[in-house]
Amino acid sequence: PAISVSKIALPADRSKVKVDDIITYTLQVSVKDSATLSPVVLTDTLGVGLEYAGIASNTGGFVEGGSASTRTFTLAAGVAPGNYSVSYRAKVLASAVSKVENKVVPSGGGNPSDPIPSVPACVTCSTEHSLESPLVTVSKSSDPVSGQMVKSGQTITYTLTTVVSRSQTVSPVVLSDVLGADLLFGVVVANDGFVLSGSGNQRVFTLPAGKLPGTYVLRYTAQVKANASSSANLTNVVTASGGGNPSDPGPGCTQCQTEHKKSDPKVEYSKSTTAVKAQEGDLIEYQVVAKVSDAQTTSDVVLVDTLGAGLEFDSVSSSGAWQISATPGSKSITLRLPAPSLPGSYKVAYKVKVTAGASNPLTNVVTPGAGGGTPPTCLAGARCETSTPLVVSDVRYDKELVGASGPVKVGDVLTFR
């Protein structure tokens, strides 16, 4: 018999495939002139990056054998002239590099007793498919999400996600990440194989070549600086390159920038004294504390201390960062905390004298004069007014005669106490 073998593929030979694609291979045996005298054995070898996925159709009645990447399909002896085909599937694996190949080697069909057995002619006995270039997409997200308000000292967690599809990378994927001027790089908290480099606010995260299709995540933290001054300085931008051949387009970026808004400063204040009572001529020391939070102040914080009746300014005990406007004898004290002042607590202490005409109790109240960004408020749970009992002198007197009482005459000496 005249026997020929051919092999075809779907998608067609020499076309492009990608990871997870299914290729259907069809082997056809053509028998002419007479029936086969011995079994026709097709030994089919799948190349690296292909995985056998089972028979698709077997109209020719072949007997399947072999295992893993080497399979045999046997057409029994004695089949009449005609065309006999068998089709099977193979899956393109993530480990495939550059291309995948498949080859069939036929044998048998002729007289087994011939000194030199005939071998079926092979019309097309191998196929080759090239892999599509890797498709790399990069995205950036943050917690809190982009667009939200953040405070000084707050930690933002950034996530860079690189998705590789179609085929494994053939060159490194390089992510160049630039943090805004008011952000301070923290620590990497998750890393799926990136190599870290760079410093300060310019960091580079490199995913080596040869990464299989899949998702690769890098996550790091950054802190909002205490002196953050502008929302424009709270941006974070990543640019991506590489992954494919030099002639391939670079990675796509679905979301490559995050932005956060700087919170307004919050200013709270309180007033206290250690004096539990006072009297005319005493000096009472008062302490005022301003607490700045969320962001540095954008304008001077001004507080006005209005002294009650019988109180007048004497001297400054400690001013810290405050500027104090008052002269001895003043009934009003202006306290000014210059901008910008970073988040923290700011204390000032001064003495007030109790004068004649003081009313009981001695009262003293601090009120906001200006902001710092937003109007200052009295600290919750604290006091911004003091009340000190005034001690008033209590004078009593009496008089009595020394000795026995009774009649007296001119010239007698009386002693009183």
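The model is predicted, so local features need pLDDT of at least 70 and side-chain atom pairs pLDDT 80 or more, while totals for chains, interfaces and linings use all residues. Residues count from 1 along each chain as its sequence is written, and side-chain values use heavy atoms, without hydrogens and water.

Me: How many strands does the chain have?
Reply: Helices and strands here are DSSP runs, numbered from the N terminus: H or I of at least four residues, or E of at least two. On that count there are zero helices, and the strands come to 33.

Me: What is the radius of gyration of the chain?
Reply: It's taken over C-alpha atoms, and the globule rule is 2.2 Å times the number of residues to the power 0.38. For 417 residues, a compact globule would sit near 22 Å. The C-alpha trace spans about 180 × 50 × 25 Å along its principal axes. The chain's radius of gyration is 47 Å.

Me: What share of the contacts with a separation of 6 or more is between residues 24 or more positions apart?
Reply: A contact means heavy atoms within 4.5 Å. Among contacts in the chain with a separation of 6 or more, the share from residues 24 or more positions apart is 77%.

Me: What percentage of the residues count as buried?
Reply: Buried means under 20% relative accessible area, exposed over 50%, and partly exposed in between (1.4 Å probe, protein chains only). Of the chain's 417 residues, the buried part is 36%.

Me: How many disulfides are there?
Reply: The rule is a pair of cysteine sulfur atoms within 2.5 Å. C122 pairs with C125 at 0.9 Å, S to S. C253 and C256 are joined at 1.0 Å, and C378 and C384 at 2.0 Å. In sequence order the bonded cysteines pair 1-2, 3-4, 5-6, and the count is three.

Me: Is the link of C378 and C384 left-handed or right-handed?
Reply: For the link of C122 and C125, the angle about the S-S bond is -45°, which is left-handed. For C378 and C384 the angle about the S-S bond is 105°, and that link is right-handed.

Me: Is C384 buried or exposed?
Reply: Its partner in the disulfide is C378, which is partly exposed at a relative accessible area of 34%. C384 has a relative accessible area of 10%, so this cysteine is buried.

Me: Why does C253 count as partly exposed?
Reply: C256, joined to C253 by a disulfide, is buried with a relative accessible area of 16%. C253 counts as partly exposed because its relative accessibility is 37%.
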